[in-house]
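Student: I have a model on my screen and would like to understand the words used to describe it. Could you go through them with me?

Tutor: Gladly; here it is.

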Amino acid sequence: MQEHQQLKPVHADSQIKTYSLSRSEKTGQDQIMCLKCGRVSHNLNDVINKYCGHCHVFHEN
Ligand SMILES: [Zn+2]
């Protein structure tokens, strides 16, 4: 049985994302930016859960 692959190509722009994951050049920490409110969080839990503490929403894929 072949399982469905969740991985998507890096340059797949067919989906509209509501968040942006990146890495801080200063601290080397992963960070998440909410594209709705523009808030950047360095909170690891926010990054893992794709959560915006400002919008109080979990970003979907
Ligand atoms: Zn937000």
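The talk below takes up the labels one by one and sets each against its definition.

Student: How do you know how far to trust this model?

Tutor: This is a predicted model, so the place to begin is pLDDT, the predictor's confidence in each residue, from 0 to 100. The mean pLDDT of the protein is 85, and 74% of its residues reach 70 or more. Strand S4 (residues 51-52) has the highest confidence, at 97, while strand S1 (residues 19-23) has the lowest, at a mean of 95.

Student: What is the overall make-up of the protein?

Tutor: There are 1 helix and 5 strands, and along the sequence they follow the pattern β-β-β-α-β-β.

Student: What makes S1 and S2 a pair?

Tutor: Two strands pair if DSSP finds at least two bridges between them. S1 and strand S2 (residues 30-34) are joined by 5 bridges, so by that cut-off they are paired. The two strands run antiparallel. You can follow the bridges residue by residue: Tyr 19 is partnered by Cys 34 in S2, Ser 22 by Gln 31, and Arg 23 stands opposite Asp 30.

Student: And what makes S2 and S3 a pair?

Tutor: Here 2 bridges join the strands, and at least two are needed, so S2 and S3 are paired as well. They too run antiparallel. Look for Met 33, which stands opposite Val 40 in S3.

Student: Why is the sheet called open, and where are its edges?

Tutor: Its 3 strands are arranged in the order S1-S2-S3, with antiparallel pairing. S1 and strand S3 (40-41) stand at the edges with a single partner strand each, so one side of each is left without a neighbour in the sheet.

Student: What is found in the two hairpins?

Tutor: The hairpin of S1 and S2 has 6 residues between the strands, and Gly 28 there takes a positive phi near 75 degrees. In the hairpin of S2 and S3 there are 5 residues between the strands, and Gly 38 takes a positive phi near 80 degrees.

Student: Which residues other than glycine have a positive phi?

Tutor: Among them are Lys 50, with phi near 55 degrees, and His 56, with phi near 60 degrees. Lys 50 sits in the loop between helix H1 (44-49) and S4, whereas His 56 is in the loop between S4 and S5.

Student: Why is Lys 50 called partly exposed, but His 56 exposed?

Tutor: Count the other C-beta atoms within 10 Å: 20 or more means buried, 12 or fewer means exposed, and anything in between means partly exposed. Lys 50 has 17, so it is partly exposed. His 56 has 7, so it is exposed.

Student: What does the count say about Val 57?

Tutor: Val 57, which lies in strand S5 (residues 57-58), has 15 C-beta neighbours inside 10 Å, so it counts as partly exposed. Its C-alpha atom is 9.8 Å from that of Cys 34, a residue 23 places away along the chain.

Student: How much of the protein counts as buried?

Tutor: Of the 61 residues, 8% count as buried.

Student: What makes Cys 37 a contact partner of residues elsewhere in the chain?

Tutor: Two residues are in contact if their C-beta atoms lie within 7 Å. Leaving aside neighbours within four places in sequence, Cys 37 is in contact with Cys 52, His 54 and Cys 55. Cys 37 itself is in the loop between S2 and S3.

Methods: Residues are numbered from 1 along each chain as its sequence is written. This is a predicted model: local features need pLDDT of at least 70, side-chain atom pairs count only at pLDDT 80 or more; totals for chains, interfaces and linings use all residues. Helices (H or I, at least four residues) and strands (E, at least two) are DSSP runs, numbered from the N terminus.
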